[in-house]
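Welcome! Take a moment to look it over before reading on.

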Amino acid sequence: MIKRPKIIVSVINDLSTDQRVDKVCRVLHQHFGEVLLVGRLLKNSLPLNRDYRTHRMKLLFTNGPLFYAEYNIRLLFFLLFHKSHLLVSNDLDTLLPNFIVSRFGSRKLVYDSHEYFLGMPELSGRTRVQKVWRGIERRIFPKLTTIITVNQSIADLYEKEYGQKLNVIRNVSPRLSEATVLNRAQLGLPIDASIFILQGAGINMHRGAEEAIEAMQYVDDAVLLIIGSGDLFASLPELVVKFNLENKVIIKGRMPYAEMMQYTMNSDVGLSL
C-alpha cells in the first residue's frame, strides 16, 4: 500500500469556524494526502468533527505580543518534531515557523494569505506592531515560491509590492443540501419581518457591524440578525441598547456551521460589508 504524503496546515485561530481552512483541508485530504490541521484551543472552543486530523494547542496567553510569541514558538517545535511533506501556512501570523521548518529537509511550503495582512484595520495606527509584521513579511515573502490568496485585488497589491505572482483561490461556500430545514418559529425568529443577516468569525472594528446596527433605526419591518464572534462582538449589545433597537437586532454567538446555516436559510438579505 502506497503511503499518502503528510500535510500539516496551520492557522492561529481555534479551527471551529474557519470555513476557508476547512475547505482547503478537505480538498487536500481527499485528493493529495493525510492532513493534520493545527490551531489553538480556547475556553469556549466548539467541538470538532472533521474527516481529517486536528490538533489544538492550549496556550498560556490569549492575546497581545506574548500570545503571538508563544504560539509561534510552540508551532515551530510542533512542526519540527512532526514529519510532513507539505506545510500550508495560513496568514502572516503563522508564516515564520512554517518558513523556518520548510528549510529543513525537503518540505514544501504553500502560503495562503487570507487578506492583505498589513492593511487590516486592527493594525491601523499601531506603528510598532506593524513594523514587526512588516519585517517578517519583507524577509520571507520574496523567497516564497507558492502563494495563494482570496481575490485578485489582494494578489495585485502583493505583486506590486514584492514582484511575486500569486494564485487566486476564491473562498466560495459549498452548495448546501440540508435534509431538514427548520422554520423561523423553531429558531425563535420573527415570522413576518424581513431578516438581514451579518455573520462571521471576524466581526471586528471597521468591518461594518456598528454601522449595520445604527442603520436599523431607519429600517422598518425588518430585523438585523448578527451571528459570530470577533474583537468587537462583546460591545455590540451596548450599541443595541444605545439606539433602543432591542426589538430590531438579534445577536447570537458563534455556532457550528450547519446550525448557523439554518439561520442563513431563513434570512432574506445577507450583508457582506
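## A loop residue to start with

In which loop is Asp91 found? Asp91 sits in the loop between strand S4 (86–90) and H3. Keep in mind as you look that this is a predicted model.

Most residues other than glycine have a negative phi. Asp91 has a positive value instead, with phi near 70 degrees. Is Asp91 buried or exposed? With a relative accessible area of 11%, Asp91 is buried, because buried means under 20%.

## Another positive phi

Asn244 is also a residue other than glycine with a positive phi, in this case near 55 degrees. You will find Asn244 in the loop between helix H8 (236–242) and strand S10 (249–253). Its relative accessibility is 62%, so Asn244 counts as exposed; the cut-off for that word is over 50%.

## How H2 and H3 pack

Now for a pair of helices. Two packed helices are described by the angle between their axes and the distance between the axes. For helix H2 (residues 64–80) and helix H3 (residues 95–102), the axes come within 8 Å and cross at roughly 30 degrees. Angles under 35 degrees count as roughly parallel, and H2 and H3 are therefore roughly parallel to each other. The crossing in which H2 passes H3 is right-handed.

Which residues meet here? From H2 come Asn72, Leu75, Leu76, Leu79 and Leu80, and they meet Leu96, Pro97, Asn98, Ile100 and Val101 in H3. Sorted by class, this contact of H2 with H3 has eight nonpolar residues, two polar ones and no charged ones.

## Ser102 in H3

Ser102 belongs to helix H3. Its relative accessible area is 13%, so Ser102 is buried. What does Ser102 touch, leaving aside its neighbours within four places in sequence? Its contacts are Leu87, Arg107 and Leu109.

## Helix H4 and its cover

Helix H4 (residues 127–140) has 14 residues. From its first C-alpha to its last, H4 reaches 20 Å, close to the 20 Å expected at 1.5 Å a residue.

Which residues of H4 are buried? They are Trp133, Gly135, Ile136, Glu137 and Ile140. The cover over the buried residues of H4 includes H2, H3 and helix H5 (152–162).

Notes
Residues numbered from 1 in each chain as written. Predicted model: local features only at pLDDT ≥ 70, side-chain atom pairs only at ≥ 80, totals over all residues. Heavy atoms only, no water. Axes fitted to C-alpha atoms, helices over the stretch in contact; angles between N-to-C directions. Helix = DSSP H or I, 4+ residues; strand = E, 2+ residues; numbered from the N terminus. Parallel < 35°, antiparallel > 145°, perpendicular 65-115°, else oblique. Left-handed = near helix turned anticlockwise from the far one by under 90°. Contact = heavy atoms within 4.5 Å. Nonpolar A, V, L, I, M, F, W, Y, C, P; charged D, E, K, R; others polar. Expected span 1.5 Å × (residues − 1). Buried < 20%, exposed > 50% of the residue type's maximum accessible area, 1.4 Å probe, protein only.
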